[in-house]
Amino acid sequence: MGSSVNDAEKASPDVQPSGGEGDVHDLDSLTALGYTPELRRNRSLFTLLFQTLAIAAIPFGEGGPFISAIYGGGQLSIFVGWIIVLILDECVALSLSELASRYPTSAGPYYWSFQIAKSNKTVLSFITGWIWLIGNWTITLSVNFGFASLISATVSIYHPDFVANSWQLLLIFFAICLITFVICTFGNSLLPMVDTICAGWTALTIFIILVALSAKADVGRHSAAYTLGHYDTSLSGWGGFTFFIGLLPAAYTFSAIGMISSMAEEVADPAIKVPRAMSLCVPVGGIAGLFFIIPICATMPPLEEIILAPSAQAIPYIFHMVMGTPGGGLGLTFLVLGVTMFCSISITVAASRCTWAFARDNAIPGAKLFAIVNKKLGVPVWAIVLTTVVQMLLGLINLGSSSAFLAFVSVGVMALAISYAIPIAISLLWNRRVEVNQAKWNCGPVIGPIVNVIALTWIAFEVVLFSMPTALPVTAITMNYASVVLVGFMAMAAGWYFIYAKRVYKGPPASDGL
C-alpha cells in the first residue's frame with residue numbers, strides 16, 4: 001500500500017519530523033495510525049487555535065460576503081443569524097473534534113470514513129477524500145479571490161468610478177496566490193508566530209473598528225431596537241425566506257472549521273490539542289465577532305444604498321460612509337485587508353496539507369510527486385504548488401463568466417460541509433458512535449448523539465442554502481451554479497477513479513485509532 005509505514009520509511013529515510021516534547025509518544029501515535037512522521041511538530045495548542053481563528057478571519061469571513069446579509073434583511077439576520085450559526089456550527093465542530101481525537105492525522109475526513117465504515121471502505125473514503133479536497137481547494141480560492149475583490153473595492157473609496165475589469169482582478173488574484181505560495185513554502189518555521197501575530201492583529205482590528213464606528217457614526221446612530229431587529233424583506237425577493245439568506249456570511253465564516261484537522265501531524269499530542277482548538281474556535285471567534293457586527297449594525301447607512309457598493313463589497317463602502325472621509329474608510333479597510341492576508345496564508349497551509357495527505361495515500365494524479373516532503377524546508381512543496389496552480393487555473397474562469405466563477409465560493413462551503421457529514425453520519429448511524437466514544441476527547445454518550453444530529457441537520461440545510469441565488473428573480477447572471485460545478489468536479493473524480501485510481505487506491509492504512 002502506497003501509504004504504509006514501510007513505504008513511507010523507504011521514501012524518506014532521512015526525515016526528522018519532530019524537535020520538541022512528546023516526540024517518542026507522537027511518533028508511536030502516528031505509527032499506530034499507519035504513517036511515518038514526516039512533518040515537524042512545531043505548533044502548540046495556542047498556535048493551532050490561532051490558525052483556526054486566522055482561517056475563520058472574522059472581519060473578512062463575515063465582512064467579505066456581507067452584501068448577502070444586506071439582501072437577507074439587514075440587522076436582524078446579521079445579529080440573530082450570527083448567534084444561530086454559532087450554535088449550529090459549534091455542533092459541527094464538536095462532532096468533528098471527536099473524530100479528530102480518535103484519528104489525529106492530516107488525512108482528516110476520508111481517513112475517518114475509512115476506519116469507521118463497516119463495508120465499502122475504499123469507495124467511501126475515496127468519495128469523502130475528493131469532496132474534502134475539492135472543498136479545501138475552492139474555499140482557499142474563494143478567500144484569495146475575495147481578497148482581490150476587497151482590494152478593488154478599497155481603491156473605489158478614493159475613486160468611486162473605478163471598477164476593476166476581469167483582467168485586473170485576475171492579476172491581483174494571481175499576485176495574492178504567488179505571495180502566499182512563497183510565504184507558505186519558505187516560511188514554515190515562522191508560521192506559528194505568524195498565526196500568533198494574526199490573533200493579535202484581528203483583536204486589534206475588531207477593537208479599533210468598534211471604537212471608530214461608534215465614535216464617528218457619520219450617517220447617524222440607530223436605536224437598540226433597530227440595531228438588533230431591523231428586517232427588510234424587500235431587497236432579495238425571497239419574502240419570508242429572506243432571513244435565511246442573511247445567514248450566508250456567518251455560515252461562510254466558520255465553514256472551514258474542519259480544515260485544522262490537516263495540521264494534526266504538526267502538533268504534539270494531537271489527540272487532545274486538535275479537538276480542543278477546533279471546539280474553541282467557534283465560541284472564541286463568535287464572541288469576538290459580536291464586537292465586530294454590532295457597531296456596524298448600529299451605524300451603517302440604508303440597506304438600499306449598501307447593495308450598490310462597488311465590487312459588491314459592502315464593508316469598505318460602510319466604513320467610508322460611517323467614517324465620513326475616504327481616509328477613515330481606508331484606515332479601517334486596511335486593517336481588514338491585513339486580516340485577510342493572514343487568512344490567505346493559514347488556509348493555504350491547511351489546504352496544502354490536505355492535498356499532501358491525499359497524495360500520500362495514492363488518491364490523486366501524480367501522487368508520488370505531490371506526496372514528497374522537502375527535507376530542508378519541512379513542507380510538502382509540490383502539494384503547495386498544486387494547491388496554488390489549481391487556484392490560478394480556476395481563476396481563469398472569471399474571464400469568461402463571473403457568475404460561474406462566483407459559484408466556487410458556494411462550492412467550497414458545500415463540499416467541506418458534505419465531507420464533514422459523511423464521517424459524522426457513518427459514525428452516528430452505522431457505527432453507533434462506538435469508535436468516537438473511545439476517543440481521548442469526546443462529548444459522551446448523551447451529548448454526543450445530540451450534537452451529531454444537530455450538525456447533520458444543519459449541514460443538510462446549509463448545502464441547500466448555498467445552492468440558492470441570493471436574490472430573485474433569477475437571471476443568467478444571478479443564477480447560482482454551485483450545484484453544477486460541484487457535480488462537475490465529482491464527475492471528474494469518478495472518471496479518475498474508474499480509469500486508474502480503482503486499481504491503485506486501496507484507502508489509507510487500517511487502524512484501530514488512538
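Guide: Buried means under 20% relative accessible area, exposed over 50%, and partly exposed in between (1.4 Å probe, protein chains only). This is a predicted model, in which local features need pLDDT of at least 70, side-chain atom pairs count only at pLDDT 80 or more, and totals for chains, interfaces and linings use all residues. Residues are numbered from 1 along each chain as its sequence is written, and side-chain values use heavy atoms, with hydrogens and water left out.

Visitor: Are R353 and E266 buried or exposed?

Guide: A salt bridge places a side-chain nitrogen of Lys or Arg within 4 Å of a carboxyl oxygen of Asp or Glu. R353 and E266 form one, with their closest N and O atoms 2.6 Å apart. As for accessibility, both R353 and E266 are buried.

Visitor: Which residues do salt bridges that share partners join into one network?

Guide: R353 and E266 meet in a salt bridge. Through shared partners, the network consists of R43, E266 and R353.

Visitor: How many salt bridges does a search of the whole structure find?

Guide: Among them is the pair D218 and K216, at 3.2 Å from N to O. Another joins R360 and E265 at 2.9 Å. For the whole structure, the search gives 6.

Visitor: How many disulfides are counted?

Guide: A disulfide requires two cysteine sulfur atoms within 2.5 Å. By this rule, the count is 0. C198, for one, is in no disulfide, and its nearest cysteine sulfur, that of C343, is 7.9 Å away. The number of disulfides is therefore, under the 2.5 Å rule, 0.
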